[in-house]
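The following exercises are to be worked through with the sequence and the coordinates at hand. Each task is followed by a solution in steps.

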Amino acid sequence: MEGGGNYGWGGRERPNILVTGTPGTGKTTTCSLLADAVHLHHIDIAKLVKAKNLYDGWDEEFECLIINEEQVCDELEDMMEVGGNIVDYHGCDFFPENWFDRVVVLQTNITILHDRLTSRGYMGPKLTNNIDCEIFQVLYEEARSSYAEDVVLALTSNHIEDLSDNVRMLTEWVNNWRSAGS
Ligand code: DAT
């Protein structure tokens, strides 16, 4: 094999990327820009769960759907096998580890995140839970305990320039990716 590159072992022709992080860190914005740039398929798990009723109920305290992780994985399985997906979700420990060639954890300064979440209408336990989640780097720890060290990448997402830098860097990574054996 010639040239520098990133090599996956899933037998896929195109890589799968998971973009995770606390709500408000910029997952959906980053995924949409990246999907446009590299022509990968953006899968927003929250939207998929609603559209296909892949949930078991409603969490009153945190005002969110209680997703059925098994049904979500069943729904995604075929697409992930083919490859070429960017999965967008604020959780990462229930997907099979071998689905992803890269796991990106977005991180945002607490004051900036607080402003983003309050302008989204978050308050009470939903707001404090998400802020605590970022303070304690819950998603970063979850990613590090669920995926190989060299697959997980933490990226800052405070300002517009971070968005363009992150998308540029990930675009380069996707363009250099080669599946194992090709
Ligand atoms: P998430 O999908 O993680 O919940 P989002 O993509 O919906 O986050 O972004 C939340 C808001 O913050 C939205 O108004 C876009 C803005 N935003 C996200 N990342 C940003 C960044 N790096 N710089 C400036 N604004 C950003």
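**Exercise 1: the ligand shell**

An oxygen atom of the ligand lies 3.3 Å from a polar backbone atom of Thr25, a polar contact being a pair of N or O atoms within 3.5 Å; within protein, one must be able to donate a hydrogen and the other to accept it, and residues adjacent in sequence count only if both atoms are side-chain atoms. The model is predicted: local features need pLDDT of at least 70 and side-chain atom pairs pLDDT 80 or more, whereas totals for chains, interfaces and linings use all residues. Residues are numbered from 1 along each chain as its sequence is written, and side-chain values use heavy atoms, without hydrogens and water.

Task: Describe the polar contacts and the composition of the shell around the ligand.

Solution. 
1. A polar side-chain atom of Thr29 is 2.5 Å from an oxygen atom of the ligand.
2. For His159, a backbone N or O atom is found 3.0 Å from a nitrogen atom of the ligand.
3. On its own the ligand has 550 Å² of accessible area, of which the protein covers 74% (Shrake-Rupley method, 1.4 Å probe).
4. The ligand is surrounded by 15 residues (a heavy atom within 4 Å); Gly24, Lys27, Thr28, Thr29 and Arg120 are the closest.
5. By class, the shell holds three nonpolar, nine polar and three charged residues, with Gly counted as polar and Asp, Glu, Lys and Arg as charged.
6. Helix 1 provides the largest share of the shell, three residues (helices are DSSP runs of H or I with at least four residues, strands runs of E with at least two).

**Exercise 2: the nonpolar cores**

Task: Which residues have the most contacts inside the largest nonpolar core?

Solution. 
1. The core has 26 residues, and Ile45, Val72, Leu76, Phe95, Phe100 and Tyr147 have the most contacts inside it. Its members are buried nonpolar residues joined through side-chain atoms within 4.5 Å, where buried means under 20% relative accessible area, exposed over 50% and partly exposed in between.
2. Helix 3 gives the most to this core, four residues.

**Exercise 3: positive phi**

Task: Where does His39 lie, and is His39 buried or exposed?

Solution. 
1. Most residues other than glycine have a negative phi.
2. His39, not a glycine, has a positive phi of about 55°.
3. His39 is located in the loop between helix 1 and strand 3.
4. With a relative accessible area of 65%, His39 is exposed.

Methods: Buried < 20%, exposed > 50% of the residue type's maximum accessible area, 1.4 Å probe, protein only.
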